[in-house]
Amino acid sequence: MSTIGTLRSEIGGVPAFIVRDGPRVPVIGLTFRVGRADETAATSGLSHLVEHLALPATTATSFDFNGTVDTMFTSLFASGDPDDLREFVATTTGLLRSLPEERFETERRILLAEESTRSSGGARQALALRYGPVGPGLPGYFEYGLRRLEWSDVESWASTRFTRANAAFWLAGATVDKLVSELHLPDGGRREGPPLPRELDDLSTPAVYASGSGVGVCLSLLADRSFATRMALDAFADVLRERLRYELALSYSIEHDVHALTADVSHGCVTADVADEHIGTWLGEATTILEQLATDGPSDATLARMKARYRRYDRDESAAAGWAAMCAEWELVGRAVPPHADYVAEYDAVTVEDVAHALEQMRPSLLVLGPDGTPTPTGFADYPVYSSSRLEGRRHRPASRRDRMRRHLREVYLVSSQDGVASVSPDGWVTARYDATVLCVKSENERTLLTADGFFLPIFAGAWTDGAELVDEIDRAIPSEIVVPDWPDPFPDGRASAVADLARSTFRRTWLVSEELQALPKLLEESEAPLVLAKASRGWKLGLLALTDRRLLFLYGDGSSHSFAVELSSVSATAERSTLKLDLGTESVTLTDVDPKDNAAEIERFLRLRGAEAP
């Protein structure tokens, strides 16, 4: 049995964890008990900004360095020779004592650029669906605070959260006396525990969210933080791979991860690629496997194999740095930090029955994210895509007489009152009570409200009767500290804003096509106007269908593959419910699961009329 010797000490009042024997190139780090869950929707991005500002603003160093911000922690770390690491610690602690204001706008722009290409699928989306834009759900949303934060906000956050009282130091591969004798961190602040996660009131699990994954399926589970939990997820993923990849050939990649939400609660996530037509079979097999493992546990051979992996990892020189960093995190959330030998003994003592019990405990929390058409197994609920809350108040009809005559818009209206605003359709309500609104995105003649239960409600002044008056009412009701500006449009012709406006009026949630929506403005020609948007699948690839005044485009990902863009004169279409059959001249393409499904017929009508008008 291989164990890692760990020295626990203090440096200037900061708890320190030192592993002398470790990687040949020493690794050093500072971890702070602050992360995305400590922010709000309107201040999200604060920790990320401080992390960037506290790191050297250059690559011209002889050591490697980086930083991370997750749900509970922000870490700054580096690897290099002892002299390099002394320089890193001195530089980083110096920057934390006096953050460089001159870099504020630069780092804000860097983070906005990073955000525009960040995926929010998988575990992030699952957390957003569970918790909404609050606490551990915030990583599933944009860092909206980057659009409104002032320098004073960043200074205040750093002075209370990135302090001596809220930090832990860790080192692997060297002795501390050769590197650090003092940590000159800011005083002040106090260590606080992470926010307790609270799932959405209307969510009942196990549940299925169809439209929750563009390239397969995601299984989200909650559990206690323990070795039995980690081994339970390992066993579940192992059996899934054996059955669904090697026996049934339904998936190629099945990945899993466990992420801590608090000192005692973990989130487990399993993601897999699977063709839409096989989702039902895949999900049936997966839920059967989960039930069997929760009843009987894994085989003795499977459990032995998992323990052997842990022992093998402990023999790797990189394990020392991971262990030191984990000790720091445990310290910061008030967990006892055991000797590594006790840690090893604990995972070695996990039994088949322990794993079964862990899976039985987490099984009721299962949330399945799948594409449109994912079946809901017996005993599962459908994810709540509409609000249970209602409002009494004034009704606002579509302002356009043409819209009011459209069959699918005749029963669509808004309700407004002093308590909030709601969008009503035959399918359900989306209600934004002002006292439950956590963010308001503001642009010209438009407000988009984000509620604590995760609903986006866009209000376009020109789209509704008395719409301008309603927007004024919203401005009076919403506190200024939760108002953020919309994205600045980088294109002079306003095409990015036009795409964003159309997306907000088309989709309740845009996670599935967020990458495509970011890419579309770059692919449009100058002054090309988007008219209709829809989610659609080409085979198993879920992408974005866009009709403009010039072309019909289908984007998958960034639009570089499995995509097309054709002139309107070269395409004809036939709509059958949510299926759109296209003749592109050189090939025929069938798009399925068009959402909203009425947009398939609208695209067909537009192309037919355009063809009739052609000379």
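## Exercises on a predicted model

β5 (74-79), α6 (227-247), β9 (254-260), α8 (300-315), α9 (319-332) and α10 (340-348) each place at least two residues in the lining of the second largest pocket. This is a predicted model, in which local features need pLDDT of at least 70 and side-chain atom pairs count only at pLDDT 80 or more, while totals for chains, interfaces and linings use all residues. Residues are numbered from 1 along each chain as its sequence is written, and side-chain values use heavy atoms, with hydrogens and water left out.

**Exercise 1. Describe the lining of the second largest pocket.**

Step 1. Count the lining. The second largest pocket has 42 lining residues. (A pocket is an open set of points on a 1 Å grid over the protein atoms alone, with protein on both sides within 12 Å along at least five of seven lines; lining residues have an atom within 4 Å of a point.)

Step 2. Find the centre. R225, R230, V258, M326 and Y343 lie nearest to it.

Step 3. Find the top contributor. α9 gives the most to this lining, with eight residues. (Helices are DSSP runs of H or I, at least four residues; strands are runs of E, at least two; both are numbered from the N terminus.)

Step 4. Sort by type. The lining holds 21 nonpolar, ten polar and eleven charged residues. (Asp, Glu, Lys and Arg count as charged; Ala, Val, Leu, Ile, Met, Phe, Trp, Tyr, Cys and Pro as nonpolar; the others, Gly among them, as polar.)

**Exercise 2. Explore the largest nonpolar core.**

Step 1. Give its size. This core has 65 residues. (A nonpolar core joins buried Ala, Val, Leu, Ile, Met, Phe, Trp, Tyr and Cys residues through side-chain atoms within 4.5 Å.)

Step 2. L219, F236, L240, W282 and L359 have the most contacts inside it. α9 gives the most to this core, with ten residues.

Step 3. Zoom in on W282. Leaving out residues up to four places away in sequence, W282 touches V217, L219, L244, L250, S251, A272 and V274. (Contact means heavy atoms within 4.5 Å.)

Step 4. Check for another core. A second, separate core has 41 residues, including V50, A78, L146 and L171.

**Exercise 3. Locate G132 and list its contacts.**

Step 1. Find the loop. G132 sits between α4 (123-131) and α5 (151-161).

Step 2. G132 is buried, with a relative accessible area of 0%.

Step 3. Follow the chain. E199 is 67 residues away along the chain, and its C-alpha atom is 8.0 Å from that of G132.

Step 4. List contacts. Beyond four places in sequence, G132 is in contact with L127, G137, L138, Y141, L200, A452 and G454.

Definitions and conventions. 1 Å grid on protein atoms, 1.4 Å probe; cavity = no way out; pocket = protein on both sides within 12 Å on 5 of 7 lines; lining within 4 Å. Buried < 20%, exposed > 50% of the residue type's maximum accessible area, 1.4 Å probe, protein only.
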